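Please have a look at the structure before reading on.

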Amino acid sequence: MPTKPSSLSDRANAVQPSLTMSISNLAKELRQAGQDVIGFGAGEPDFDTPDFIKAAGIKAIQDGHNRYTPASGIIELKKAICDKLKADQGLSYSPSDIVVSCGAKHSVYNVLAALINPGDEVIIPAPYWVSYPEQTRLVDGVPVVISAGAEQNFKITAEQLAQTLTPRSKVLILNSPSNPTGMLYTQSELEAIAEVVLGHDQLMVMSDEIYEKLIYGTNPHISIAQISDEMKERTVIVNGVSKAYAMTGWRIGYTASHSAIAGGMSRMQSHITSNPTSSAQWAALEALTGPQQVVADMGKEFNKRRQLMVSRLNAIPGISCSEPDGAFYAFPKISDCFGKKSATGVITDSMVFCEYLLKEAQVACVPGIGFGDDTCMRLSYATSTTAIETGLQRIQDWVESLS
Ligand SMILES: Cc1ncc(COP(=O)(O)O)c(C=O)c1O
């Protein structure tokens, strides 16, 4: 019998459909109709998982690692994660502080589910990754958005945070480098934010560091947990192997936190998914402990594409793009084109801009409104330089044709 919409829970009803889906559906339709659409929507590396990591996954299956593991992950992987956090960030954790989950997305959910009571506020800087507000609603939390536009490099200030916090504020989400802007918080910016956080006893920080390895400028990646021991106690780090090692399909993410929080997440996970896939955990172990040159090689290629994309975007009158420090996204400002007319009609917002751009110039970009910033759009440079050259030429010709 088909489920009647009225039988859905309030929780399921509260989850918003992805605003960006309509653009990807339209792109799909146009491709099926034989049009040559250039897609800048990708949220994953276009590289394949490196061979030595694949081999470790295959070997794990052949060696019989095909049964349940401890719900929060195998000890070998937890130890490797602790070693990585020590080596890269100077942070000391023990295996009981680590929970391995089915992708960083699952880790984010675990953190919110473990920390949020109904009505608690989750502070989300915008532009944000689309899943943060939706996952907040799924755990009956209240998303509170702080807007940080292009004029402040898409980063919130300590003052904005201080003005926003209430006694119900329970979690601040930081995502550096950011999806969708690529921006990286500096040490002094994090110190100022940490000071505000430490002044609010109930407030925790979830630091989503999934793009940590993909940085291109001279600024290093710094976790807010590195600011002080006190701040480390207040932070849950989220990371994983998806983006750095081109392993999005393997679904391995993890958290590092105080063991009491790790214990809570681990108990919940034991009843929800049990362990993440056994063989994928062994592959992730190889990713973290094997040769790291692959990460640098992919980073070098992403950097070339980043420079190409940003310079092509800034050459378009009416579009401006700040240089992203990391991840693989550009987030240019397009609002100077609002009010202009294309062949289809007047461009009123980022959704209409992307819809007409796709229909008229066959280029798929993601409207900024999906990330909480209607003045911009997101383009992923996890695609070939040829696609970037062709796609950006099409965007330029289209924008120049607006009247
Ligand atoms: C900011 C951010 N956090 C977390 C994730 C989830 O990563 P995973 O594929 O490991 O679930 C993504 C994926 O797009 C992301 O952009």
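The report below goes from the ligand to its pocket, then to the cavities and a few backbone details.

This is a predicted model, in which local features need pLDDT of at least 70 and side-chain atom pairs count only at pLDDT 80 or more, while totals for chains, interfaces and linings use all residues. Residues are numbered from 1 along each chain as its sequence is written, and side-chain values use heavy atoms, with hydrogens and water left out.

**The ligand**

Which residues are the closest to the ligand? They are A104, D208, S242, K243 and R251, out of 13 residues that surround the ligand.

The table lists polar contacts, meaning pairs of N or O atoms within 3.5 Å.

| Residue | Its polar atom | Distance to an oxygen atom of the ligand |
|---|---|---|
| K105 | backbone | 2.9 Å |
| N179 | side chain | 2.8 Å |
| K243 | side chain | 2.7 Å |

Taken alone, the ligand exposes 400 Å², and the protein buries 92% of that. These accessible areas come from the Shrake-Rupley method with a 1.4 Å probe.

**The largest pocket**

Rolling a probe the size of a water molecule over the atoms shows where empty space is left. On a 1 Å grid over the protein atoms alone, a cavity is a set of points where a 1.4 Å probe fits but cannot get out, whereas a pocket is an open set with protein on both sides within 12 Å along at least five of seven lines; lining residues have an atom within 4 Å of a point.

The ligand sits in the largest pocket, which means that more than half of its atoms lie within 2 Å of the pocket's grid points. This pocket holds about 960 Å³ of space, a volume being the space filled by probe spheres set on the grid points, which are joined across faces, edges and corners. Its lining has 37 residues, and K105, W129, V130, S131 and N179 lie nearest the centre. Two elements give two or more residues to this lining, α5 (104-115) and α6 (131-138). The largest share, seven residues, comes from α6. Helices (H or I, at least four residues) and strands (E, at least two) are DSSP runs, numbered from the N terminus. By class, the pocket lining has 16 nonpolar, 14 polar and seven charged residues.

**The cavities**

How many cavities of 30 Å³ or more are there? The count comes to three, and about 130 Å³ of space lies in the largest cavity. Of the 16 residues that line the largest cavity, P125, P127, N175, S178 and Y185 are the closest to its centre. Both β3 (121-126) and β5 (169-175) supply at least two lining residues, and β5 gives the most, with three. The classes here are 11 nonpolar, four polar and one charged.

**Backbone details**

Most residues other than glycine have a negative phi, and most peptide bonds are trans. A cis peptide bond joins A126 and P127, with omega about 0°, and P127 is in the loop between β3 and α6. Another cis bond joins N179 and P180, with omega about 25°; P180 lies in the loop between β5 and α8 (187-198). Finally, D140 has a positive phi, near 65°, in the loop between α6 and β4 (142-147).

Methods
Near = heavy atom within 4 Å. Polar contact = N/O pair within 3.5 Å; in protein donor to acceptor, adjacent residues only side chain to side chain. Nonpolar A, V, L, I, M, F, W, Y, C, P; charged D, E, K, R; others polar.
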